[in-house]
Amino acid sequence: MARKIDKIFIHCSATPEGRDVKTETIKSWHVKGNGWSDIGYHLVIELDGAVKEGRPMHRSGAGVRGHNAHSIHVCYIGGMDKDKKAKDTRTDAQRLSLDKVIENLKMDHPTATIHGHNEFAAKACPSFDVQKDTAHRNRKRRRQARQRQRPNQRRRNERDVDHYKDEHQNDFVVC
Ligand SMILES: [Zn+2]
């Protein structure tokens, strides 16, 4: 039976900027290290922007305690500077891929809201403010929509995200 998805969570791998950690490595940390059945995330965005599949979408992930049954977990590689402090280390390719991933997931799950792990736990993960990012993305999307003059489809996207609040506090604790 298909899971009902109401939240999309963004994570980072909490690995230092520029370190080219692959999805298989994260998987081995979770399976061999943590003893889980599979990698905790459903999608991983590697440094070069490649989007890799992790745990199958029909299965609950392991990303946010108490919120796994009805969510999808997306993780980008990075999230720390060289001194292991929280830092938004997304490469341009990762930003583009993340935008695309979110856009696609929103098409499949139009009522799902997008969150950073840090909105639900005292963690830095994903080392950026997902709500601000979402607001920014939507401004961009509205601009592009006006240029393209396809108001109907775009307006629906805007309505889905208009209720996002832009008040998230950046009290990062390294995850
Ligand atoms: Zn996380």
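**Exercise 1.** Find which residue of β5 is the bridge partner of Cys12, and describe how β1 and β5 pair.

*Solution.* Step 1. The bridge partner of Cys12 in β5 is Tyr76. Helices (H or I, at least four residues) and strands (E, at least two) are DSSP runs, numbered from the N terminus.

Step 1. This is a predicted model, in which local features need pLDDT of at least 70, side-chain atom pairs count only at pLDDT 80 or more, and totals for chains, interfaces and linings use all residues. Residues are numbered from 1 along each chain as its sequence is written.

Step 2. Two strands pair if DSSP finds at least two bridges between them. Strand β1 (residues 7–12) pairs with β5 in the parallel sense, over 6 bridges.

Step 3. His11 stands opposite Cys75 in β5, and Lys7 stands opposite Ser71 in β5. Lys7 also stands opposite Thr113 in β7, and β1 pairs with β7 in the parallel sense over 4 bridges.

**Exercise 2.** State the order of the strands in the open sheet, and which strands stand at its edges.

*Solution.* Step 1. Begin on the other side of β5. Strand β3 (residues 43–45) pairs with β5 in the parallel sense over 3 bridges, with Leu43 opposite Val74.

Step 1. The open sheet has 5 strands in the order β4-β3-β5-β1-β7, and the pairing is mixed.

Step 2. β4 (51–53) and β7 (113–116) each have a single partner strand, so one side of each is left without a neighbour in the sheet. These two strands are the edges.

Step 3. From one strand to the next, the twist averages 25 degrees. Helix α2 (residues 92–108) packs on the sheet and touches β1, β3, β4, β5 and β7. The direction of α2 makes about 155 degrees with that of β3. For such angles, axes are lines fitted to C-alpha atoms, for helices over the stretch in contact, and angles run from 0 to 180 degrees between N-to-C directions.

**Exercise 3.** Decide whether the two faces of β5 are covered or open.

*Solution.* Step 1. Apply the cut-offs: a residue is buried if 20 or more other C-beta atoms lie within 10 Å of its own, exposed if 12 or fewer, and partly exposed in between, with C-beta atoms placed from the backbone.

Step 1. In β5 (residues 71–76), 6 of the 6 residues are buried.

Step 2. In a regular strand the side chains alternate between the two faces of the sheet. In β5, Ser71, His73 and Cys75 lie on one side, and Ile72, Val74 and Tyr76 on the other. Both faces are covered.

Step 3. For β1, 5 of the 6 residues are buried, so this strand is largely enclosed by the rest of the structure.

**Exercise 4.** Describe the largest nonpolar core and the elements that contribute to it.

*Solution.* Step 1. A nonpolar core is a set of buried Ala, Val, Leu, Ile, Met, Phe, Trp, Tyr and Cys residues joined through C-beta atoms within 7 Å.

Step 1. The largest one has 27 residues, and those with the most contacts inside it are Ile8, Tyr41, Val44, Ile45, Val74, Cys75 and Tyr76. The elements giving two or more residues to this core are β1, β3, β5 and α2.

Step 2. Two residues are in contact if their C-beta atoms, placed from the backbone, lie within 7 Å. Leaving aside neighbours within four places in sequence, the contacts of Ile45 include Val51, Tyr76, Leu98 and Val101.

**Exercise 5.** Compare the buried side of α1 with the face turned away from it.

*Solution.* Step 1. The buried residues of α1 (residues 23–33) are Thr23, Ile26 and Lys27. They cover an arc of only 100 degrees around the axis, which puts them on the same side of α1. The arc is that of the directions from the helix axis to the C-beta atoms.

Step 1. The cover over these buried residues includes β3 and β4.

Step 2. On the face turned away are the exposed residues Glu24, Lys32 and Gly33.

Step 3. Just after α1, Gly35 takes a positive phi of about 75 degrees. Trp36 lies in the loop between α1 and β3. With 15 other C-beta atoms within 10 Å, Trp36 is partly exposed.
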